[in-house]
Amino acid sequence: MTFDWVIRNGQVVTAADIMRCDIGIRGGKIVALAAELPQAVQEIDATDRLVLPGGVDAHCHMDQPMGGGVVMADDFFTATRSALCGGTTTVIPFACQIKGESLKAAVADYHQRATGNALIDYAFHLIVSDPTPEVLDQELPALIQSGCTSFKVYMTYDDLKLNDRQLLDVLAVARQEQAFVMVHAENSDCIAWMVQRLEQLGKTAPRYHATARPMLVEREATHRAIALAELVDVPILLVHVSGAEAVEQIQWAQNRGLRIYGETCPQYLFLTAEDLARPGFEGAKCICSPPPRDKANQQVIWDGLINGVFQVFASDHAPFRYADPQGKQVGGAGSFQHIPNGIPGIETRLALLFSEGVNKGRIDLNTFVALTATNPAKLYGLYPRKGTIAIGADADLVLWDAQKLTTITNASLHHNVDYTPYEGMKLQGYPETIFSRGELVYDQGKISAERGRGQFLPCERSGFARPKVQQ
Ligand code: MN
Ligand code: MN
């Protein structure tokens with residue numbers, strides 16, 4: 001048996017195991033895991049390196065059509081370049097239905113945006129903003145059949161939000177078709193009411209974005225989403241959970257035996273609402289929804305990663321430039337409510353969690369791999385092709401230098417955003433060499449992936465969305 005590549009002497013880590021072995025790659029797949037594999041066409045020495053499954057970023061936005069003249073800074077080329085350089089080899093961004101338009105058309109448009117541009121493999125979540133009978137009865141079943149087996153629904157944002165009745169309709173389709181639903185849970189009317197009053201008081205600076213979205217609006221919507229899912233008897237995942245009050249609701253549901261899952265993001269571990277009060281207008285750089293909370297809530301989020309409340313650690317990369325005409329500074333100058341929501345983070349996700357989680361002793365290596373690769377691959381129907389190191393899996397592999405010291409600077413990142421919220425943070429541990437489907441695509445700062453090599457990944461129906469076994 002000859003191999004295209006052998007990766008030698010690495011410490012190979014999966015969600016379950018740590019083993020010192022060689023990895024044999026042929027035809028883009030992992031075909032052997034053993035000590036002392038025979039000579040290959042090409043070899044790489046991974047002594048003193050961890051070998052991890054490539055990261056799966058299951059919540060990121062790129063080249064997503066926006067209303068009001070706002071344009072995302074990253075297209076599929078720059079976003080996947082940035083993801084790759086941070087150790088992520090699979091992304092799942094969102095094909096977003098615009099109200100009044102077809103979801104099928106949104107997916108076709110999104111394929112066009114991705115094709116010829118992506119450096120790494122990608123799947124699509126759907127965003128359902130207008131669940132007409134046509135969408136519910138025809139488009140969703142057909143799109144699920146074609147490999148888009150998960151969708152996100154919003155309880156806030158005027159151009160995206162669904163009311164409770166609509167949410168039930170969408171959840172019922174998910175149950176019928178064994179699709180998996182992600183929920184953005186914030187109470188829309190509470191936020192609108194708060195925004196109006198803050199504006200009347202002249203409180204329009206970026207920091208008031210956090211004032212307008214206190215934790216209770218997230219807690220209430222989280223509870224309501226759980227209740228709706230319980231009524232329909234379908235699993236859901238609460239995305240971008242920010243702090244204690246939503247965590248309590250998710251734990252409450254999990255303790256009752258409901259199939260409720262949770263995702264959190266770097267901004268809820270490393271930023272607080274105080275970052276929205278940075279001098280001048282700089283707080284706009286940290287505006288996202290839900291907003292970052294405080295130090296005590298950061299600890300609650302860490303605890304949720306440690307004790308299993310959360311299954312997924314995603315970036316929620318939402319790339320808007322600060323200084324552009326339509327960007328955060330000028331676009332939002334009138335009031336915080338006009339500042340585009342979202343922050344970049346597709347490249348820094350893994351290194352932040354590794355440095356502060358693994359190297360500081362909060363989580364072990366297996367948990368790191370589970371949260372950043374294996375669990376999202378399983379939830380969204382990409383496992384075992386993606387998200388693990390196993391015979392038959394795609395050879396998406398990261399040689400990780402656990403000792404490497406770095407300082408995050410925007411100049412060293414590969415996205416098309418003009419800032420990072422984590423400027424100046426010192427980290428230990430960084431990806432060094434990366435394979436995607438058996439191709440060496442990144443090595444010590446040099447990208448060798450050809451633009452457009454990334455492939456669309458049709459997702460299986462999620463095993464997590466299977467009907468419950470009746471007793
Ligand atoms: Mn969201
Ligand atoms: Mn998002």
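Predicted model: local features only at pLDDT ≥ 70, side-chain atom pairs only at ≥ 80, totals over all residues.
Which residues does lysine 152 touch, not counting residues up to four places away in sequence? They are His59, Phe94, Leu126, Ile127, Val128, Met182, His184, Val239 and His240, where contact means heavy atoms within 4.5 Å.

Residues are numbered from 1 along each chain as its sequence is written, chains are lettered from A and ligands numbered from 1 in the order in which they are written, and side-chain values use heavy atoms, with hydrogens and water left out.

- Helices (H or I, at least four residues) and strands (E, at least two) are DSSP runs, numbered from the N terminus.
- Lysine 152 counts as buried at 1% relative accessibility, and histidine 240 is buried with a relative accessible area of 2%. Buried means under 20% relative accessible area, exposed over 50%, and partly exposed in between (1.4 Å probe, protein chains only).
- An unreviewed UniProt entry lists Lys152 for "modified residue: N6-carboxylysine"; UniProt positions are given in the numbering used here, feature names are shortened, and annotations may be inferred rather than shown by experiment.

**Manganese ion, ligand 2**

- His59 (NE2), His61 (NE2) and Asp316 (OD) coordinate this ion at 2.2 Å.
- The spacing of its donors along the chain is H-x1-H-x254-D.
- Histidine 61, in the loop between β6 (55-57) and α1 (76-85), and aspartate 316, in the loop between β15 (312-313) and α11 (328-331), link distant parts of the chain, 255 residues apart.
- Both histidine 61 and aspartate 316 are buried, the latter at 8% relative accessibility.
- Aspartate 316 is worth a look for its backbone too: its phi is near 50 degrees, a positive value in a residue other than glycine.

**Helix packing**

- Helix α12 (residues 349-358) and helix α13 (residues 365-379) pack at about 155 degrees, with their axes 11 Å apart. Axes are lines fitted to C-alpha atoms, for helices over the stretch in contact, and angles run from 0 to 180 degrees between N-to-C directions.
- α12 and α13 are therefore roughly antiparallel to each other; angles under 35 degrees count as roughly parallel, over 145 as roughly antiparallel, 65 to 115 as roughly perpendicular and the rest as oblique.
- Where α12 and α13 meet, Arg349, Leu350, Leu353, Phe354 and Val358 in α12 face Leu365, Phe368 and Thr372 in α13 as contacts.
- Helix α4 (residues 164-177) and helix α7 (residues 215-232) cross at roughly 45 degrees, their axes coming within 9 Å, and are therefore oblique to each other.

**Backbone details**

- A cis peptide bond joins serine 289 and proline 290, with omega about -5 degrees; proline 290 is in the loop between α9 (267-270) and α10 (295-307).
- Tyrosine 383 to proline 384 is also a cis peptide bond, with omega near 5 degrees, and proline 384 lies in the loop between α13 and β16 (397-407).
- Glutamine 444, in the loop between β18 (439-443) and β19 (446-447), has a positive phi near 45 degrees and counts as exposed at 61% relative accessibility.

**Serine 82**

- Serine 82 is in helix α1 and is buried, with a relative accessible area of 0%.
- Leaving out residues up to four places away in sequence, serine 82 touches Ile346, Glu347, His414 and His415.

Conventions: Donors = N, O, S within 2.8 Å, 3.2 Å for Na, K, Ca; no water.
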